[in-house]
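Please read them with the structure open.

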Amino acid sequence: MDLTAMAAPLASFALVVGLLTLTPGLDTALILRTAALGHRRQAWGVVMGIQTGTMLWGTASAAGLSVLLTASRAAYETLRWAGVCYLLWMGVQLLRNRKHDSSADGPEETGNPGGWWAGWRRGTLTNLLNPKVGVFYVAVLPPFIPAGAPHLPAGVLLTSVHVIEGTLWSAVLIGFAHTLRGWLRRPAARRVLDRVTGTAVVGFGVKLALSD
């Protein structure tokens, strides 16, 4: 693969996915909520899970596998409704969370339920069960691969740019959320965070259910 020929496509792709990365969405909500509660290891698990999903989608697109999502309505609908069910379930769990329902303020919990792997599983599932990510890569990735370049290595290289940008932006989000820990020592504030995040996740699930 000619890396010189890839320089311009890499720069253009970095700009496109950079703007996408900065756009608030479900990934942002999950990372902020997990990190703001003081679960830094779990938050980084969510980040790595999201980037794992991104890399898998990009690799599948470069290999031609995710074209099935656009070629087969049944495949797309199956994945879409699996994503809808998962998002609604996760959102309802957050809305029903009673762990912080004590009326008295108390010290922040030091536990980190599930740890890194729980965060990684959540991030990976959230990304892989969103068919729009696959469709995005099917539509956007091929035009950035130069003519004559091997699709799989070039696609993986381009996707790696997205992963790097996503990881760097996530580090900023985690750092910002860490500053909120003092405020979140109050159970009332943590209930508000769970409800806001839960409402956002349910909203994304409803949006995915109503999308074509």
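1. Helix α5 (residues 73–95) packs against helix α7 (residues 131–140) at an angle of about 135°, with the axes 9 Å apart. Axes are lines fitted to C-alpha atoms, for helices over the stretch in contact, and angles run from 0 to 180 degrees between N-to-C directions. α5 is therefore oblique to α7 (under 35 degrees is roughly parallel, over 145 roughly antiparallel, 65 to 115 roughly perpendicular, the rest oblique). Helices are DSSP runs (H or I, at least four residues), numbered from the N terminus.

2. Tyr76, Leu79 and Arg80 of α5 meet Pro131, Lys132 and Val135 of α7; contact means heavy atoms within 4.5 Å.

3. This is a predicted model: local features need pLDDT of at least 70, side-chain atom pairs count only at pLDDT 80 or more, and totals for chains, interfaces and linings use all residues. Residues are numbered from 1 along each chain as its sequence is written, and side-chain values use heavy atoms, with hydrogens and water left out.

4. The largest nonpolar core has 39 residues, and Phe13, Ile31, Leu87, Leu158 and Val201 have the most contacts inside it. Such a core is a set of buried Ala, Val, Leu, Ile, Met, Phe, Trp, Tyr and Cys residues joined through side-chain atoms within 4.5 Å; buried means under 20% relative accessible area, with a 1.4 Å probe and protein chains only. Helix α5 gives the most to this core, with 7 residues.

5. Leaving aside neighbours within four places in sequence, Leu87 is in contact with Leu26, Thr126, Val201, Phe204, Gly205 and Leu208.

6. Tyr137 counts as buried, at 1% relative accessibility.

Notes: Helix = DSSP H or I, 4+ residues; strand = E, 2+ residues; numbered from the N terminus. Buried < 20%, exposed > 50% of the residue type's maximum accessible area, 1.4 Å probe, protein only.
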